[in-house]
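Please look through the structure below before reading on. The text after it goes through some of its parts one at a time.

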Amino acid sequence: MNKDQTIELHKQYVMPTYAPDLVLVKGKGPYVWDADGCKYLDFLSGISVLNVGHCHPKVVHAIKTQASTLMHVSNLYYNENQPRLAEALSKKSLRGKCFFCNSGAEANEALIKLARLWGQPQGKHQIISMRNSFHGRTLATLTVTGQQKVQSGFEPLPEGFAQATFNDLKSCWMAVHKKTAAILVETIQGEGGVLPADPEFIKGLRTLCDEKNILLLCDEVQCGMGRTGRWFGYQHYGIEPDAISLAKGLGGGFPIGAMITNQRLADVFYPGHHATTFGGTPLACAAGRAVVEAIEEESMIENAEKTGTLFMQKLEKICTKYTFIKDVRGKGLMVGLVFNESAKDFEKCLRGKNLLTLATAENVIRFLPPLNIKASQINRALTAIKAVCKEWK
Ligand SMILES: *Cc1c(COP(=O)(O)O)cnc(C)c1O
């Protein structure tokens, strides 16, 4: 099938929830190829899904081997990959237990249900989330998502949710009342425009939660799995949340999500409280285990911190040269170039220079290269960015 036939067939049979353009046919490491054979440097990585790059050999091997051995058994049976991945994730984070699911929204849904079940004996159920956040598209997760455009048209929204302002501790204190069970926050807002939380804000949230006996929940779906130069975004802040959600980068391209708790919350869920058919299959967990191993063996987190710092320093130089660029922000390899105007066309121009990125929050170009990106590839991206800047005005 040629490119035009693919597009035609898609338009005819796939719901238009997205507006894709390129037809991609192959990926390897930080590169993808379109149907015309054109090669792109991929600084989008499936929105932080491909943290280990496209078709990482270790992940490919794990999936192939597991697929021909045992793909699915249902959670009515044990499978070795599930506890082994859970152990690895728990030891890197909150030392409690994991619940596996299939997506970021589902992982956040699990956080919400956990908080409600935990809070119920104390008469607490309300969840506070942040304005400008993003937590998913199910009915509960779009309700905690602090963006009108995500909620609009789907009212009435479920009850028991409230919103506070990101990086405004006072607004969080004001939103809390006796029925508050949890505060949910991204330590770096991704869809919201690559906005890192202030250290005082996250530390203050921990204090607030301790004082009021409220759970602190971190959505690590985008900023987790090494993206920011730590295993998890919260690890930049010297605090520990009570539970986190993971998805995107966890499977290296294979769909898998997870909720991880501390020890205090490890046994809140009992049989019958929560479930999902595909959560933690041998196949998904084989992919997850391969991702964790690849990140460690290839020191990708160290690389994310090092190349991320280099990338941001060079972007800052570009920023000072052009008045249409306002700021550079982020952590590790989660980097945003903030414009004084819409950045949508800039994304298109970068694509014209064979660099894939994503404009978000209208005026931010988001860069999410794989964590094993080389300095030479960062430099190649910078060359494309500089060239577009020159042509821009
Ligand atoms: C992408 C994302 C989600 C939603 O994940 P899905 O797998 O699309 O459901 C939730 N939270 C954050 C921070 C995300 O970036």
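Predicted model: local features only at pLDDT ≥ 70, side-chain atom pairs only at ≥ 80, totals over all residues.

Residues are numbered from 1 along each chain as its sequence is written, and side-chain values use heavy atoms, with hydrogens and water left out.

Begin with the strands. Helices (H or I, at least four residues) and strands (E, at least two) are DSSP runs, numbered from the N terminus. Two strands pair if DSSP finds at least two bridges between them. An open sheet is formed by four strands in the order β1-β2-β3-β15, and its pairing is mixed. β1 (24-28) and β15 (355-356) stand at the edges with a single partner strand each, so one side of each has no neighbour in the sheet. The partner of β15 can be followed in detail: β3 (residues 39-42) and β15 are joined by two bridges in the parallel sense. In one of these pairs, L41 has L355 of β15 as its bridge partner.

Another strand to follow is β12 (257-262). How many bridges join β4 to β12? There are five, and the two strands run antiparallel. Within this pairing, R95 has N262 of β12 as its bridge partner. Strand β11 (residues 243-246) also runs antiparallel to β12, and four bridges join them. Here A243 stands opposite T261 of β12.

Are the residues of β12 buried or exposed? Buried means under 20% relative accessible area, exposed means over 50%, and partly exposed lies in between (1.4 Å probe, protein chains only). Six of the six residues of β12 are buried, so the strand is largely enclosed by the rest of the structure. G257, M259 and T261 point one way from β12, while A258, I260 and N262 point the other way.

The next topic is empty space. Rolling a probe the size of a water molecule over the atoms shows where such space is left. On a 1 Å grid over the protein atoms alone, a pocket is an open set of points where a 1.4 Å probe fits, with protein on both sides within 12 Å along at least five of seven lines; lining residues have an atom within 4 Å of a point. Grid points are joined across faces, edges and corners, and a volume is the space filled by probe spheres set on the points.

The largest pocket has a volume of about 1800 Å³. It is lined by 45 residues, of which Y18, I47, E191, L358 and R366 are the closest to its centre. Elements that each supply at least two lining residues include α5 (104-119), β15 and β16 (358-360). α12 gives the most, with four residues. The lining draws at least three residues from each of domain 1 (3-55 + 300-391) and domain 2 (58-297), where the domain bounds come from an automatic or database domain assignment. Ala, Val, Leu, Ile, Met, Phe, Trp, Tyr, Cys and Pro count as nonpolar, Asp, Glu, Lys and Arg as charged, and the others, Gly among them, as polar. By these classes, the lining of the largest pocket has 19 nonpolar, 12 polar and 14 charged residues.

The second largest pocket has a volume of about 970 Å³. Its lining has 29 residues, and the closest to its centre are N75, Q82, C98, F99 and F100. Two or more lining residues come from each of α4 (81-92), β4 (95-101) and β12. β4 gives the most to this lining, with four residues. The lining divides into 16 nonpolar, 10 polar and three charged residues.

Now turn to the cysteines. A disulfide is a covalent bond between the sulfur atoms of two cysteines. Here a disulfide is a pair of cysteine sulfur atoms within 2.5 Å, and the structure holds zero of them. For C101, the nearest cysteine sulfur is that of C98, 10 Å away. C101 counts as buried, at 1% relative accessibility. C218 is buried, with a relative accessible area of 0%.

Some backbone details remain. E155 and P156 are joined by a cis peptide bond, with omega about 5 degrees. P156 is in the loop between α7 and β6 (161-164). S74, a residue other than glycine, has a positive phi near 80 degrees, and its place is in the loop between α3 (57-67) and α4. N132 also has a positive phi, near 70 degrees. N132 is in the loop between β5 (126-130) and α6 (139-144), and is partly exposed, with a relative accessible area of 29%.
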